[in-house]
Each structure stands twice: as C-alpha cells, then as structure tokens.
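User: I'd like a close look at one part of this model. Please keep it brisk.

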Amino acid sequence: MYPPHLLTPMREDLTSVGFEELTTADDVVNTMENAEGTMLVVVNSVCGCAAGAARPGVKAALAASPVKPDKMVSVFAGGDLEATAKMREYFLPYPPSSPAIGIFKDGDLVHFIERHHIEGRSAQMIAQHLEMALEEFCTPANA
C-alpha cells in the first residue's frame, strides 16, 4: 500500500473532474447495489500508464464527448485495497487490472478497458476509445 500523501495528486486528477472516490468495500457495494443509469468506473493507479494515458484519456474523453455517464466513481489500486478488491468482483469475468475503465448500465458491466488496452497507447487513443464507448452506452445530456 502506498503512503496516502503520495496518492493525493493522483486522486485529485479524477475528483477534480467530478469523480467520487469509493474508499471502502461498503462504499462500492452501496454504489453498485443502487446503480441506476450509466456509471463510469476508473480503477486508478500510480503506474506510468495511469498517469500518461488512463487519467488524461478519461478527462479528455469527458471534455470532448457530447454524452456523459450519470455517475462517475473511482477506486485506487494500491491505496484503497478493500474497495478495489470489491470493485473487481463487479468486473468479473475480467481479471484484476489497474488501471482499468468500466462502463456500467443499470448495474451491468457493458464495456471494459483493461490495462493491456491502455499500456503503450497514448492518452488521445484512450480518449477516442472511451468517447466511442460513451456514445454507444450513455444517453445524450439533452435527450
């Protein structure tokens, strides 16, 4: 587990654009059991591909896409171990991955971007992928 003060700027990278952090297993269960509409879930991480591609790609996709999820949450691998482990149960059958990005619709996983889809790709490529997924699974804001 990483020291909390080291994770603060990485957490704020997502919370500054509207993500709610789920820091306990109970937070995850409560959020997932009450899920309605669309939800974007990011498994945040300290790795270089999270810093260089995942977080900037997510932020760019949200800024550019005309459609947005109803809710955005994150868990932090290496920081909130129980929350991350519990969220990964909702990502099954996909194996544990961090960073990772999931889209849920009414509590069902409908799209998942694993680490191997992030690693070695640019933030722009992640943004384009996520924009297409948002357009496919999320309702336009003015619909």
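What covers the buried residues of α4? Take in the helix itself, then its surroundings.

Analyst: A caveat to begin with: this is a predicted model.

Start with the helix. Helix α4 spans residues 81-90. Its buried residues are Ala-83, Thr-84 and Met-87. Viewed down the axis of α4, these residues fall within an arc of 95°, so they line one face of the helix. An α-helix has 3.6 residues a turn, so positions three or four places apart point the same way.

Now the cover. The elements over the buried residues of α4 include α2, β2 and β3. Strand β2 runs over 38-44 and strand β3 over 71-76.

Helix α2 takes in residues 25-33, with Thr-31 among them. Thr-31 has a relative accessible area of 11%. The cut-off for buried is under 20%, so Thr-31 counts as buried. Setting aside neighbours within four places in sequence, Thr-31 is in contact with Leu-22, Met-39, Lys-71 and Val-73.

One more feature deserves a look: the cavity. The structure holds one cavity of 30 Å³ or more. The volume of this largest cavity is about 30 Å³. Arg-88 is one of its lining residues. By class, the lining divides into six nonpolar residues, one polar and one charged.

In short, the buried face of α4 is formed by Ala-83, Thr-84 and Met-87, and its cover includes α2, β2 and β3.

How values were computed
Residues are numbered from 1 along each chain as its sequence is written. This is a predicted model: local features need pLDDT of at least 70, side-chain atom pairs count only at pLDDT 80 or more; totals for chains, interfaces and linings use all residues. Side-chain values use heavy atoms; hydrogens and water are left out. On a 1 Å grid over the protein atoms alone, a cavity is a set of points where a 1.4 Å probe fits but cannot get out, and a pocket is an open set with protein on both sides within 12 Å along at least five of seven lines; lining residues have an atom within 4 Å of a point. Grid points are joined across faces, edges and corners, and a volume is the space filled by probe spheres set on the points. Ala, Val, Leu, Ile, Met, Phe, Trp, Tyr, Cys and Pro count as nonpolar, Asp, Glu, Lys and Arg as charged, and the others, Gly among them, as polar. Helices (H or I, at least four residues) and strands (E, at least two) are DSSP runs, numbered from the N terminus. Buried means under 20% relative accessible area, exposed over 50%, partly exposed in between (1.4 Å probe, protein chains only). Contact means heavy atoms within 4.5 Å. The arc is that of the directions from the helix axis to the C-beta atoms.
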